[in-house]
Amino acid sequence: MKMTGSQILLECLKLEGVEVVFGYPGGQILPTFDALYGYKGFKFILTRHEQGAAHAADGYARVTGKVGVCLATSGPGATNLVTGIANAYMDSIPMVAITGQVPTALIGNDAFQEADITGITRPITKHNYLVKDIKDLAQIVREAFYIASTGRPGPVLIDLPKDIQVAETEFIWPAEVKLRSYNPNLFGHPGQIKRAAKLIMKAKKPILYIGGGVITSGATKELLVLAQRLKCPVTWTLMGIGGFPAAHKQSLGMLGMHGTAYANHSIMESDLIIALGARFDDRVTGRLDLFAPEAQVIHVDIDPSSISKNVHVDLPIVGDLKQVLGQLLQELKCGPMIEDWLKHVEDLKKKYPMGFKDKDKILPQYVIQQIDAVTKGEAIICTEVGQHQMWAAQWFNYSSPRSFISSGGLGTMGFGFPAAIGAKLGKPEKIVFDVAGDGSIQMNIQELGTCVANKINVKVAILNNGYLGMVRQWQELFYGSRYSHTPISSPDFVKLAESYGAVGILVTKKSEVKPALERAIATDNTVLIDFRVEEEENVFPMVPAGEAINNIIGGLA
Amino acid sequence: MKHTISVLVENKFGVLARVAGLFSARGYNIASLAVSETLDPKVSYMTIVVEAKDEKILEQINKQLNKLIDVITVTDFTKKDHFDRELVLVKINYLAKNKTKLQSILKKFVGKVIDFKKDTAIIEAVGDEAQVKALLGELSKFGVRELLRSGKLAIQ
């Protein structure tokens, strides 16, 4: 049967198993929105900004592991997706972004609402396509989903000119995708696995350092078995949160700039770092030449370009973590003798405990602990970027993967709220919180409209301190408390929520925190809670940028 | 140090921009670049010469090249046995009385005169880097008006 390009696109999305598309209409994508009129193949969510659509697709992908899809028009619609695409790229999130484009005959002519979006997104997509022939469309969509979701996942953009959307052809669903130059390596090299096992058995001070790859590859069970077999401490990156149960006795929590002091000291003193799906980001390693001087490094990653990029790797294994850990468990029937090391790590935990000094005002850390308590640690926590993000990482006991949704690599303020919308649609049975600051919530606050219109029940906990807090903290510590443009005003969040048809709650006393959270959860609507917290509370522990990660300031010790 | 890298790619629009982007994003200038179809018209062959300020960055570029969906293989010829050649077209100041002098120079190289004008000559020559350099040294005595180089091609 002959179908138009727009119909073929929708049919392809449905056949790829797409449940929801986030987007915004416009001139050059009109034919596709016409095809969407009354379409029942999947849900369409109209956001209030294209950036919201991209982040929502990202949040959906993070909680489900499926490909998130967003749709926008040409020109400004497409450029508004850019931050969201870059964000997904940095955190290896599977996403397909579809943009309208001016008709092929007008491309390059500075037509109205024209932007070279494939050119713009080339460095921030895993791959992108400009469709120039309707006969290629189905194949391209199939390839886009395959590329986005396999290997090291990432965003793929399809730019679809208007004339291709209206052109007609026979629809043939390609049975399979074959790309001669793209075949991700799943299994680790058997020789390398054997050598890794030997290295592990010789280690006296091993540490497992895990990243987002554990979650992406669904390797949390294998990781738990490996960790228990080795008995060694486990630390994780921001992206690795939820990959290993925080309450487990081998847990050291997050490492790096705002990691636990004992995690940082442990990795610095270790003699073997077993890096699993992590990439030795500068927020983790601090000053590179001083990082873990005595440690040999085993690095498992699906992306060869992540290996030896920052830290020299002694034993690289390229492969999918779930498969590689399975192979490694075959080789390792027991762990090395490391009793002295474990005792030392326990001592470090006692010497440098995590904590904060109580104050009269509401402390942001306390709010996070209360969210943990009232949701029994079962909520999905999305965050914006800044101090609140670090507190949400530090003070909630994450027990399962895909429960902490945060912009790790790009550090995008305004990510959390739209991501929470995507997360709620992906996991409707879960309580979804966006932990926000008063600064970042204002970056995509318009998505309150999306929530209310579509009855998407998310809770926003604003840790309102009247500052762009993380920048203010750096100004306090490193710029002589010169608070240059970091005090920030906010609207009356309660009234704002109400004007959108959501519920707003103002919390000014510590005793009101828990009841407010309970009321928010019991409310069948989007709820914005404005917690007026201690204004100049800092995120500690902290490693100043460019310092060795055992050079730690703040904290209780 | 100079690296000669060959990249086998899908012959599609945009591929050159993807490849070049990996160099430019890291502030690397491409010294020379030659691209053309191979026996299989669906595949193109690129030979890229780049000065690596930092070998680690170049290693990263090579890995990133391999990651591009449209890239089939990447070979760094620098530490491998290979042949490389470059075609140069040189327009020099030339008067008929210098004919013997020019011919004796060209005899030493794979080169010939492809055009004479009243006071200029165009010379075509092929060679590896050292040969081209030596030829240009000799021709500079005449005065070089224009120099065009194809960029290096490399084969194993």
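The model is predicted, and local features need pLDDT of at least 70, side-chain atom pairs count only at pLDDT 80 or more, and totals for chains, interfaces and linings use all residues. Residues are numbered from 1 along each chain as its sequence is written, while chains are lettered from A and ligands numbered from 1 in the order in which they are written.

**View 1. Chain A as a whole.**
Let us start with chain A, which has 21 helices and 20 strands (DSSP runs numbered from the N terminus: H or I of at least four residues for helices, E of at least two for strands). Its radius of gyration is 24 Å, close to the 24 Å that the globule rule gives for 557 residues, so chain A is as compact as a globular protein of that length (the radius is taken over C-alpha atoms, and the rule is 2.2 Å times the number of residues to the power 0.38). Along the principal axes, the C-alpha atoms of chain A fill a box of roughly 70 × 60 × 40 Å. Of its 557 residues, 56% count as buried (20 or more other C-beta atoms within 10 Å of a residue's own; 12 or fewer means exposed, and in between partly exposed, with C-beta atoms placed from the backbone).

**View 2. Domains 2 and 3 of chain A.**
An automatic or database domain assignment divides chain A into domain 1 (2–170), domain 2 (190–351) and domain 3 (364–532). Taken over C-alpha atoms, the centres of domain 2 and domain 3 of chain A are separated by 31 Å. Their contact takes 13 residues from domain 2 and 13 residues from domain 3 (C-beta atoms, placed from the backbone, within 7 Å). On the domain 2 side there are eight nonpolar, five polar and no charged residues (Ala, Val, Leu, Ile, Met, Phe, Trp, Tyr, Cys and Pro count as nonpolar, Asp, Glu, Lys and Arg as charged, and the others, Gly among them, as polar).

**View 3. Nonpolar cores.**
The largest nonpolar core has 179 residues, of which A:Cys70, A:Val96, A:Ala461 and A:Ile529 touch the most other members (a core is a set of buried Ala, Val, Leu, Ile, Met, Phe, Trp, Tyr and Cys residues joined through C-beta atoms within 7 Å). Helix 6 (residues 137–149) of chain A gives the largest share of this core, eight residues. Look around A:Val96: leaving aside neighbours within four places in sequence, its contacts include A:Val67, A:Val69, A:Ala144 and A:Phe145. Another core, of 17 residues, lies apart from the largest one, and among its members are B:Ile5, B:Val9, B:Phe23 and B:Leu68.

**View 4. Strand 3 of chain B and its partners.**
Seven of the nine residues of strand 3 (residues 43–51) of chain B are buried, so this strand is largely enclosed by the rest of the structure. Strand 1 (residues 2–10) of chain B pairs with strand 3 in the antiparallel sense over nine bridges (pairing takes at least two DSSP bridges), and here B:His3 stands opposite B:Val50. Strand 2 (residues 30–37) of chain B is also antiparallel to strand 3, over seven bridges, with B:Glu37 opposite B:Ser44. Strands 2 and 3 of chain B form a hairpin with five residues between them.

**View 5. Where chain A meets chain B.**
Finally, the two chains come together: twelve residues of chain A are in contact with 14 residues of chain B. The chain A side has five nonpolar, four polar and three charged residues.
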